[in-house]
Amino acid sequence: MEILQNNIILLALTFGIFYAARQLQKRTGWIVLNPILVTIAVLIVLLTVTGISYETYSQAGNYIEFWLKPAIVALGVPLYQHLGQIRRQFLPIFLSQLAGSIVGVVSVVAIAQVMGASRETIISLAPKSVTTPIAMEVCQAMGGIPSLTAAIVVSVGLFGAIFGFKVLEVWHVKNPYSQGLSIGTASHAVGTSRAMEKGDTYGAYASLGLILNGILTALLAPLILQLMGI
Amino acid sequence: MIRQCLIIFGCLAVGEFIVWLTGISIPSSIIGMLLLASLLQLRLIKEEWVKGMSDFLISNMGFFFVPPGVALMLYLDVIKAELTPIVVATVVSTVLVLVATGWTHQLFKRHGDTAE
């Protein structure tokens, strides 16, 4: 199995599994079969079975992970495209993002703390609502476990994509703009892709929530954790 | 292509520099994102100068976090030990975020905007 430890082979394998997982989701249409989640699960099983350590895999993985930071910078383009919309409706958008961001960090930290989670876990949970690259960077900057954050963030996204619109209906959030914004704020890119399926308006507002909550959480989370004495 | 890379990595580099200079715990990439949006807004760079690269990066963002996700195999015991607090805190908090954002937006939204 020595040859499997070759960087190029591990990279090709990662591309291959992701491609197959995406095809699988397209065929079945099951949102639970999130390609990111499936690829991570398959790779973990594969590495465990073949006895390849994470350290070995990460040498290949670093070539992929490297692109996370530039990808976040690239979000500046849709942010710029939405600026007009944000300015026209500044107050409702800004206040709802502020509410969502603060509630998101405070509630998850408070509940985890009461239930006796460790400090590292609490920090890793804090940025759970925002898109993974941002959440992982926030987590790393505060001293949590970025890969734990990554797994939680994907799970949150799946939860929001599957149950988000139902939750909003039950709690009388009926306005399409408010619904889209909430889905993007609470469940980032995975929720946004679900909102895109429902319609362009939902999708545009969801991506707005995704970007703005990403920025707000990155700015506020360290401050909130400090205030809460974590 | 070189110009696209220069703009994206240039913004990121400025972000890294600011973090190094001030020691703030904001990701350098967030600073880079805000800088890129500002440069576009100020018409210092044109959207088509970055469009190809930014579209590529954004549409493949999900793939880039597969390797960090695989690092999860190192923390399976942490997750097993703290599964209940992790799941309860995550689910309850996500519902609260949905409702808090939705209610606040509906509350402050002017009625005329619905036609927009």
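User: Where is Leu43(A) found in this predicted model?

Analyst: Leu43(A) is found in helix H2 of chain A. That helix covers residues 35–50.

User: Why is Leu43(A) called buried?

Analyst: The cut-off for buried is under 20% relative accessible area. Leu43(A) has 1% relative accessibility, so the residue counts as buried.

User: What does Leu43(A) touch, apart from residues up to four places away in sequence?

Analyst: In chain A, Leu43(A) touches Thr14(A), Ile17(A) and Tyr57(A). In chain B, Leu43(A) touches Val66(B) and Val70(B).

User: How far apart are Leu43(A) and Pro127(A)?

Analyst: In sequence, 84 residues separate Leu43(A) and Pro127(A). In space, C-alpha to C-alpha, the two are 25 Å apart.

User: Now chain B. Is Ser28(B) buried or exposed, and why?

Analyst: Again, buried means under 20%. Ser28(B) has 5% relative accessibility, so Ser28(B) is buried. Ser28(B) is found in helix H2 of chain B, residues 28–41.

User: Which residues are in contact with Ser28(B), leaving aside neighbours within four places in sequence?

Analyst: From chain A come Lys69(A) and Glu137(A). From chain B come Leu12(B), Gly15(B), Glu16(B) and Val19(B).

User: What makes up the secondary structure of chain B?

Analyst: Chain B has seven helices and zero strands. Along the sequence, the pattern reads α-α-α-α-α-α-α.

User: How does the radius of gyration of chain B stand against that of a compact globule?

Analyst: A compact globule of 116 residues would have a radius of gyration near 13 Å. Chain B has 20 Å. The value for chain B is therefore above the globule rule. The C-alpha atoms of chain B fill a box of roughly 50 × 50 × 30 Å along the principal axes.

User: What share of the residues in chain B is buried?

Analyst: Buried residues make up 45% of the 116 residues in chain B.

User: How do you know that chain B and chain A are in contact?

Analyst: Contact means heavy atoms within 4.5 Å. By that cut-off, 72 residues of chain B are in contact with 95 residues of chain A.

User: What is the area buried between chain B and chain A, and which residues of chain B lose the most?

Analyst: The buried area is about 7500 Å². Carbon and sulfur atoms give 78% of that area. In chain B, Phe63(B), Phe65(B) and Leu98(B) lose the most area to chain A. Together they account for 10% of what that side buries.

Notes
Residues numbered from 1 in each chain as written. Chains lettered and ligands numbered in written order. Predicted model: local features only at pLDDT ≥ 70, side-chain atom pairs only at ≥ 80, totals over all residues. Heavy atoms only, no water. Helix = DSSP H or I, 4+ residues; strand = E, 2+ residues; numbered from the N terminus. Rg over C-alpha atoms; globule rule 2.2 N^0.38 Å. Buried < 20%, exposed > 50% of the residue type's maximum accessible area, 1.4 Å probe, protein only. Buried area = accessible area lost by both parts, 1.4 Å probe.
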